[in-house]
Amino acid sequence: MQRALPGARQHLGAILSSASVVVKALCAAVLFLYLLSFAVDTGCLAVTPGYLFPPNFWIWTLATHGLMEQHVWDVAISLATVVVAGRLLEPLWGALELLIFFSVVNVSVGLLGAFAYLLTYMASFNLVYLFTVRIHGALGFLGGVLVALKQTMGDCVVLRVPQVRVSVVPMLLLGLLLLLRLATLLQSPALASYGFGLISSWVYLRFYQRHSRGRGDMADHFAFATFFPEILQPVVSLLANLVHGLLVKVKICQKTVKRYDVGAPSSITISLPGTDPQDAERRRQLALKALNERLKRVEDQSVWPSMDDDEEEAGAKMDSPVPSDKAPTLPGKGAVPESSLITFEAAPPTL
């Protein structure tokens, strides 16, 4: 362990040295608030449902709860999440968009979590859900990062045995956290933070994120039903379409618009707003790579006949003269090859 710590520190230092200002600022804020918790009570930085709503209005907790950690392992998870987002998402979005994504996810997690516990209090009249529950930590942002990775690189393999792709990691982690909660090894605010992080990040990336092609990402591989197993996708897709239609009617979401590109006379291209050309190019490259691998396997399994024998046989036929059945002969001479242009006759005897 002591040998591994210097290497880990050196690797982390190299990553942070090449990171942007946003990533460095978020990591510094997490470390600062964690160290501050040893000196003062930082509970006022977490979202407490009873204090967020009137008459207290602790609005600042919506911005600080995602940076506040109480245990060293939570700090490690928070820093790793920010670093991964900086390495994989920031080159695609930019530093400003990453900061906007972080803010949107954390504010949404705070609001949705507080509202959910408020409804729980209204059903149970238990004041614990209002003034004891504290929502904090980076699990909400972790859920948002996993959703964004599903959108950008969902086909990448995380584990080979068994084969696990990035696209299924968000729901696998949700199932793991649910099992930990049932075993009372995890508190309910952590599970709520991760779940609301998944939902809020998907809604933002699906409908509201701005980029070069407009807003959102209406690609089929990023539909809400794709987060669930294939056996449940038809039912989830039906329910999601009903909810989306209701949100369109109340003008919270926009209706999907298809664009027809008739640039080429032989084909018509249908594109959805929000589909990124880089993502389409990445998928074409993956399909081309898979096709090349299949062709290579077919070539290795097939036995092709050798062309050397055919070339030798053809060369022998060209070198050998064509036999003639009617070759004229001269007196006292051997056979003379027959020509179609010149004929030979016996010369008259000399006097």
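Apart from neighbours within four places in sequence, L89 is in contact (heavy atoms within 4.5 Å) with V84, G94, V145, A148, L149 and T152. The model is predicted, with local features requiring pLDDT of at least 70 and side-chain atom pairs counted only at pLDDT 80 or more, while totals for chains, interfaces and linings use all residues. Residues are numbered from 1 along each chain as its sequence is written, and side-chain values use heavy atoms, with hydrogens and water left out.

L89 also belongs to the largest nonpolar core, a set of 56 residues in which L89, F101, F141, V147 and L205 touch the most other members. Such a core consists of buried Ala, Val, Leu, Ile, Met, Phe, Trp, Tyr and Cys residues joined through side-chain atoms within 4.5 Å. Two or more residues are given to this core by each of helix 2 (21-36), helix 5, helix 7 (95-124), helix 9 (139-153) and helix 11 (188-208). Helix 11 supplies the largest share, ten residues. Helices (H or I, at least four residues) and strands (E, at least two) are DSSP runs, numbered from the N terminus; the protein has 14 helices and six strands.

Helix 7 and helix 11 have axes that come within 8 Å and cross at roughly 130°. Axes are lines fitted to C-alpha atoms, for helices over the stretch in contact, and angles run from 0 to 180 degrees between N-to-C directions. Helix 7 is therefore oblique to helix 11, as angles under 35 degrees count as roughly parallel, over 145 as roughly antiparallel, 65 to 115 as roughly perpendicular and the rest as oblique. Residues making the contact include F101, V105 and L112 of helix 7 and F196, Y204 and L205 of helix 11.

V75, S78, L79, T81, V82, V83, A85 and G86 of helix 5 are buried. Buried denotes under 20% relative accessible area, exposed over 50% and partly exposed in between (1.4 Å probe, protein chains only).

T48 lies in the loop between helix 2 and helix 3 (49-52). With a relative accessible area of 3%, T48 is buried. Leaving aside neighbours within four places in sequence, the contacts of T48 are L130, F131, V133 and R134.

Across the protein, buried residues make up 30% of the 351 residues. Of the contacts with a separation of 6 or more, 61% are between residues 24 or more positions apart.
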